[in-house]
Amino acid sequence: MLAAFFDNIPLMIMLVGMLVGIASSLVGTFLVLRGSSMLSDAIGHSIVFGIVIVWLLTHQQSGPIQIVGAALTGILTVFLTELLINTQRVKEDAAIGLVFPVLFSIGVLLLNLYARDVHIDTHTVLLGEIGFVWLDTVTLGDFRVPISLLSMGGMTLINGLFVLLFYKELKLATFDAPLAKALGFAPGVLFYALLMLTSSTAVAAFDAVGAVLFVAFVIVPPSTAYLLTNRLWLMFVYGALVSVLSSVSGYYLAVMWDVSIGGMMAVMTGVFLLLAFLVGPHYGLLAQMARRREQRRMNENRTLAVHLYNHESGPEQAVENVTRALREHLHWDAAKARRVVQRSREQGHILQNGEWLYLTPAGRAIAREILEPTQL
Amino acid sequence: MTMLDWLQDYTIQNVVIGAALLGLISGVLGSFAVLRKQSLLGDTLSHAALPGVCIGFIIAGTRNMGSILLGALVSGALAALLMLVLTRNSRLKTDAGLGITLSTFFALGVVLLTYIQGMNNASQGGLDSFLFGQAAATLRSDLWIMGGITVAALGLVALLWKEFKLVSFDPGFAASLGLPVVWLDVLLTVMIALAVVVGLQMVGVVLMAAMVIAPAVAARQWSHRLEGMVTLAAVIGVSGGIFGALLSALSRGLATGPLIILSVSSVVLVSLLFAPERGFVWEAVRLRRSRRRLRYQQVLTTLYQLAAAHADSTYRSGQGMIDTYHGISTQRALHKLHRRGYVVHHAPPPEEPNTAGQWVLTPAGLSEAERILESLGREEL
C-alpha cells in the first residue's frame, strides 16, 4: 500500500511541488510582510555560488553539507547587501541588484573553469526539473523514496517548527521592529535566521524547481494570502492552500500541454494571485469597486436627506422639497434625481407625494447624524 | 595569432561592439533607474522578457532577431504595466510587485521554452541561450538592431533631458508644472526594457540587473551632477563591456556575460573605496585625522585645567597621571604637542625615577589651550 504510494510518480511530483510551496511560503510570508521580497530573488541566484563552492570543496551535489553551504551563502549575500547599504552610498534596491549578480557570475565562471563534466549545469540550477524527482531515490526500509521528497519534507518541518516556536517574536519583529528591540528581542538575529532558512529551502528546492521558480513559490503564495486576509496565521493557511492547488493544477496542465511541470506550477501561483487580486473578498479589485459604488450611493442618499432636512417646515419648503428642485439646487440631472429618489424611498428614508418629498424619521436621523454629529 | 589578427577576428569584433553598445545604453538609462530608486526594475524586466522571446520565436517560426527582440520588449512592457496595476490597486508593496511579475513571467517563459522544444522545430537551437546570453553567437545583423535601439533610446534621452531630470529628482514639482509625469514614468520604464532587449544576447536575462545598476552606482560616486553621472556611467558601461568581452575572447571558454558583469562591478568597488569625497578610504582617513586632532586638543586642555586647578601656569603634570585621566596612553598626543612647541618635557622627579616624566605648558601652549576652550565655549552657547 505504501509502496504503491511512493511508486506513484504523478503523486510524488505533486507532493514535492506542494512541499516546495509550503516550505517557501512559510518563510516568504515574513519576507513579503517586511517588504524584503526581492531578497529571495537575490538569494535564489547567489546560492549558485554556494553550490559551486561546496561542490569544489567536497564534490557533493546535494545533502546536508550543500544545504549548510547555501545557508551560509544566503547570509553572505544579505551581509554584503547590508554592508553596502550601511555605507550610505547605495540604496537598498541597488545594493541587492549589485551583490547577487557578482556572486552568480563568480559561480558561473567557476563552473566554466572546473565543472565541465558534472551534472550541475547552470540550466539545472536555474530551472530545475521537478519531473525527474522520482529518479533520485533512497531506499528507506522497504520503500524507494525520492530524495527531493525527503529534503523538502525536512525543510518544511524545520521551517514550520521555526515559525511555530518563534511565532510571537517573528510577529512582533515583523510588524513593530523597534518595539521588539525595546522589549529585548533581537529582530536582527531573527531576520538572519529567517534568511538562513530561506537559503536552505532554496537549495533543497533547486533540484526540483530551480533558483528562479523558487522565487515564485516564496513570494506569490504569501502575496496571494496577503490579499485575502489580515490575520497572520490565516496567511500561512492560505499560502499553503495556494501551493497545494498550484502544484496539482500545474501538474495536470503541464502534462496536458507537455510543458515544464515546475514552470507551470509557478505560473499557476500567478493565476491564483491574479484571481485574489480581482475577486478577493475584501481587497479584491471588484470588491473595492463595489465598496466605492456603495459609498457613492450612500452619499447621494445623505445629500438628499440633508437637503430635505434643511428646508423642512421652512417657508421655502414648497420650492425646495420637490423633485424639480433637485435638478437646479443639487445639480443632478433628471435620471440621477429619479434614481436617488427611488432608492431613498425604497430604503425608507423619504416619502413621495406627487411632486412633494418628505423625510421619514429614519431619513431625518440620517440627516441629523451628519448635521449634528455631537448631539446624537 | 598576432594582436592585429585578433582584433580583426569577426566574432571578437562583434562581441566587443555589442558589449560596448550594451554598456552605453544601460549606463545611460540605468542612471535614471538608480536615481528613481527603481534599480531592480531592470532585473524584473529582463526576466519578464523571456516569454516575449519565446512568443516572438513562435510567431516568426525561426530565430529571427527582430521579432524575438520585439517580443521581449512587449512582454517586458506588459510586466512593468502589470506591476504598476498590482501595486497601485492593492496593498502589495513594490518589492512584492517586482518579485511577483519577475517570477511568474519567467515561469511562463520556461513553460513556453519547453513548449517550443516540444514542437521539434529544428531552428529552435540556442533559444535558451537568452538565459545566460551567448555573446559569441552575435551576428553583424544583430548589431545593427542593437545599434538602432541604442541610438533611438539615447536620442529620446537627449530630446527629453530636462523632463527626465525633473521627473527623476522631484516628481511632485514636475507634476505641478503640468508635465505628464505618468507618461514620462512609463517612457523611462519602457526604455529600460529597451536596454534589457539589447542585453539579452550579450549577458542574458539573469545578469541584466547588474548591467543596469552597476555603471550608474559607480558613476554616482564621482559626480554630483546628472550630466556628469550619465556621461560617466556610459563610459564605465562601455569600457567595462569591452574589457569583459576582450577578457572572455582571450580566455577561450569563459562566459562573456559574467566577465562583463565582474569588470563593471569591480569599477563599482573601486569607486566606492576611492572616489574623491564619497570614497570610503578617504572618509576613513578623515575620520582618523579628526580623531587624532581631538585627542591632542583634549590632552592640551587637560594640562591647562590641571595648571589652572593648581593656580600654577608652570605646573608639572606627570605623564602617568595624564594617561590615567584619559584612560589611554597619551604618549603620541604629548609628542605631537611637544613638536608644535606647546609643551616641554621634564625628567621624572627623583622620588619616582621610573615614571615617564613630567610635562609643562609653554606660553604658546597656554594660549592655544585658551583658544580651544574658548571656541568650545562658543559652540556651547
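This is a predicted model: local features need pLDDT of at least 70, side-chain atom pairs count only at pLDDT 80 or more; totals for chains, interfaces and linings use all residues.
Local features are given only at pLDDT of at least 70 and side-chain atom pairs only at pLDDT 80 or more, while totals for chains, interfaces and linings use all residues. Residues are numbered from 1 along each chain as its sequence is written, and chains are lettered from A in the order in which they are written.

**View 1. Overall form of chain B.** Chain B contains 16 helices and three strands; helices (H or I, at least four residues) and strands (E, at least two) are DSSP runs numbered from the N terminus. Its C-alpha atoms fill a box of roughly 100 × 60 × 35 Å along the principal axes.

**View 2. Interior of chain B.** Of the 381 residues in chain B, 45% are buried. A residue is buried if 20 or more other C-beta atoms, placed from the backbone, lie within 10 Å of its own, exposed if 12 or fewer, and partly exposed in between. Among contacts in chain B with a separation of 6 or more, 69% join residues 24 or more positions apart (a contact means C-beta atoms, placed from the backbone, within 7 Å).

**View 3. The side of chain A that touches chain B.** The contact takes 51 residues from chain A and 50 residues from chain B. On chain A, the elements giving two or more residues are α3 (38-58), α5 (92-114), α6 (122-127), α10 (187-228) and α12 (261-279). The largest share, twelve residues, comes from α5(A). By class, this side of chain A has 30 nonpolar, 16 polar and five charged residues (Ala, Val, Leu, Ile, Met, Phe, Trp, Tyr, Cys and Pro count as nonpolar, Asp, Glu, Lys and Arg as charged, and the others, Gly among them, as polar).

**View 4. K37(B) in a loop.** K37(B) lies between α2 (10-35) and α3 (41-60) of chain B. K37(B) is not a glycine, yet has a positive phi of about 55°. Most residues other than glycine have a negative phi. K37(B) is partly exposed, with 14 other C-beta atoms within 10 Å.

**View 5. E277(B) in a loop.** The loop that holds E277(B) runs between α12 (256-274) and α13 (280-309) of chain B. E277(B), also not a glycine, has a positive phi of about 70°. E277(B) counts as exposed because it has 10 C-beta neighbours inside 10 Å.

Key:
Two residues are in contact if their C-beta atoms, placed from the backbone, lie within 7 Å.
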